[in-house]
Amino acid sequence: MDHERIGRRIKAFRKLKGYTQIEFAEVLQVSVSYLGSVERGTREASYTFIDEVAKTLDIDRDEIIWAKEG
């Protein structure tokens, strides 16, 4: 997996849904530091975490993992 691309996708979808990083971290029950690291691509997101992100944002996991950036 391309961690930087996945992080950018998570950040883009988060913003599209109107969450701040702090709000989104609270909903996901993770630290802001962890979420920021994932969004920057400096930390690997587990499939479990990606599934939780997708569920929270009401999108399919594949949109995060495989969707092309445009």
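**Figure 1. Overall fold of the predicted chain.** Of the 70 residues of the chain, 39% are classed as buried (under 20% relative accessible area with a 1.4 Å probe and protein chains only; exposed means over 50%, and partly exposed lies in between). This is a predicted model, in which local features need pLDDT of at least 70 and side-chain atom pairs count only at pLDDT 80 or more, whereas totals for chains, interfaces and linings use all residues. Residues are numbered from 1 along each chain as its sequence is written, and side-chain values use heavy atoms, with hydrogens and water left out. The chain contains 5 helices and 0 strands (DSSP runs numbered from the N terminus; helices are H or I of at least four residues, strands E of at least two). Its radius of gyration is 11 Å, close to the 11 Å given by the globule rule for 70 residues, so the chain is as compact as a globular protein of that length (taken over C-alpha atoms; the rule is 2.2 Å times the number of residues to the power 0.38). Along the principal axes, the C-alpha atoms fill a box of roughly 25 × 25 × 20 Å.

**Figure 2. Crossing of helices H2 and H3.** The axes of H2 (residues 21-28) and H3 (residues 32-40) come within 9 Å and cross at roughly 110 degrees (lines fitted to C-alpha atoms over the stretch in contact, with angles from 0 to 180 degrees between N-to-C directions). The two helices are therefore roughly perpendicular (65 to 115 degrees). Gln21, Ile22, Phe24 and Ala25 of H2 meet Val32, Leu35, Gly36 and Glu39 of H3 (contact means heavy atoms within 4.5 Å).

Figure 3. Phe24, Ala25 and Leu28 are the buried residues of H2. Viewed down the helix axis, they fall within an arc of 100 degrees, so they line one face of H2 (the arc is that of the directions from the helix axis to the C-beta atoms). These buried residues pack against H1 (3-16), H3 and H4 (47-57). Ile22 and Glu26, on the other side of H2, are exposed. Just after H2, Gln29 adopts a positive phi of about 60 degrees.

Figure 4. In H4, Phe49, Ile50, Val53, Ala54 and Leu57 are buried. Their arc about the axis of H4 is within 135 degrees, so they line one face of the helix. The cover over these residues includes H1, H2, H3 and H5 (61-65). Exposed Thr48 and Lys55 lie on the face of H4 turned away from its buried side.

Note on methods:
Parallel < 35°, antiparallel > 145°, perpendicular 65-115°, else oblique.
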